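Visitor: I would like to learn how to read the place where two parts of a chain meet. Could you take me through it step by step?

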Amino acid sequence: MKKLLSIALALVMVFALAAPMAYADDQVVLTLWSIATESDSSHQAFVDAIAAFEESHPGVKIEHVTTENEAYKTKIKAAMSSGEGLPDIFFTWGMGFLGEFVNAGRVASVEDAYAAYQDELPENMTVNVRYGEDNKMYGVPYTMSLITLYANMDILAEVGYEDIPATYEDMMACCDKLVAAGYIPFGVAGKEKWCLSEYVEPLVIKSVGAQNLRDMYNGVTSWNTDGVIKAIEAFQSMIDKGYFDPSANALSNDEVKNNFIQGKTAFYQNGSWNNKDIGEQAKFTVKAGTFPVLNDEVPLLSLIGGPNNTLAVTESSANKDLAIEAAFYLARYMSDADYKSGANLPCWAADPDADVNELIQAAADMASQAADLVLFGDNFLSADAANTYLDYIEMAWAEEVTPAEYVEGLDAELH
């Protein structure tokens, strides 16, 4: 992982945009589905990338349809299941999420087209979109993400901290001081299961280590280990001590993020795609870091994340070759645009001298120094397994299961 990010950040991106091409007199329309609604930090990058593609390809238009994150997951899964009304190009996450569609024969391979771009898109950045015995590539990644711990350093200074607490014990002591001072330590969208996982997964990886977590997702290792039990005990202890916003179950993730930006919580733990919004809107000093370890044998920079945001092409597209060309063009453009705007880390070669905000630089530094990265659980796993996994996280949040019941349930359901 050190190698792949150093490659991506050390090279200077050169846009070798295709010469204008004319197609048939009748306009060709490609449909694109994504989660880049107007409130999404990548929205403008999509808008600009589409405009640039259309300008360089006279006679081609891209119809961009956006849907909010959770609703999108339901929408794309339903369309892939029925095979009806599919777009030409669609946003997806890698590994198990995309893999299910690949296994169903709904996704076009982009392996042959990749050869023209491999100098700009390192092969290590494509690991999460390769499937089958022939290890073919079925998507074009454009950004990578990490679960990031954002801290309001002005609030932390009030309780005696000049930096993000470096040990688990110190983090808990800090939270106790915050509660005593009338502050809410952590904001989380309790009604969005994936947001809950952004707190559980760092606890688990910082307790059992990256390879053990990867083996659990793959069904190789039992979930019923002391390390996972310890992580869920820590999570439920944080709930019991009032470390989370008491209104969490009524809040969306956008509301939680805005609460942090407005100074209503001391910490916000979520994806590095929030760098742009937080960096531009927060009126206080923000630091980006990672949650401390629960197990001293686990490296601090064992992180949740990796190359993930991807564009893929449907096998049934009436203009498949053009759609593949568009997918590479848009992905290359957005990798650069998202990085420079601070929205996320690039998968494609990026300018190391680009003027980026401090939060995206902190995320880049963490990624380049990472001991290991494990992709988000709801992307790593197939759809049904991911739903079960998130259900158990939600039950742990509601304290409807004990830590022992949590691990026993995951073993029973996922093995």
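Guide: Let us begin with a term: a polar contact is a pair of N or O atoms within 3.5 Å, where, within protein, one must be able to donate a hydrogen and the other to accept it, and residues adjacent in sequence count only if both atoms are side-chain atoms. Across the interface of domain 1 and domain 2, this rule finds 10 residue pairs in polar contact, with both residues at pLDDT 80 or more. This is a predicted model, in which local features need pLDDT of at least 70 and side-chain atom pairs count only at pLDDT 80 or more, while totals for chains, interfaces and linings use all residues. Residues are numbered from 1 along each chain as its sequence is written, and side-chain values use heavy atoms, with hydrogens and water left out.

Visitor: Which residues make up domain 1 and domain 2?

Guide: Domain bounds come from an automatic or database domain assignment; here it gives 28–144 + 306–368 as domain 1 and 146–305 + 374–413 as domain 2. Their centres, taken over C-alpha atoms, are separated by 27 Å. To the contact (heavy atoms within 4.5 Å), domain 1 brings 28 residues and domain 2 brings 33.

Visitor: What area is buried between domain 1 and domain 2?

Guide: The size of an interface is often given as the accessible area lost when the parts come together. Buried area is computed with a 1.4 Å probe and summed over both parts, and between domain 1 and domain 2 it is about 2200 Å², with carbon and sulfur atoms giving 57%. On the side of domain 1, Met95, Leu359 and Met366 lose the most area to domain 2, together 29% of what that side buries.

Visitor: How many salt bridges are counted between domain 1 and domain 2?

Guide: A salt bridge is a side-chain nitrogen of Lys or Arg within 4 Å of a carboxyl oxygen of Asp or Glu, and the count between the two domains is one. The side chains of Asp378 and Lys73 also meet in a salt bridge, at 3.4 Å from N to O.

Visitor: Which elements supply the side of domain 1 that touches domain 2?

Guide: Helices (H or I, at least four residues) and strands (E, at least two) are DSSP runs, numbered from the N terminus. Helix 3 (69–82), helix 4 (96–103), strand 10 (302–313) and helix 14 (358–369) each supply at least two residues of that side, and helix 14 gives the largest share, six residues.

Terms used. Buried area = accessible area lost by both parts, 1.4 Å probe.
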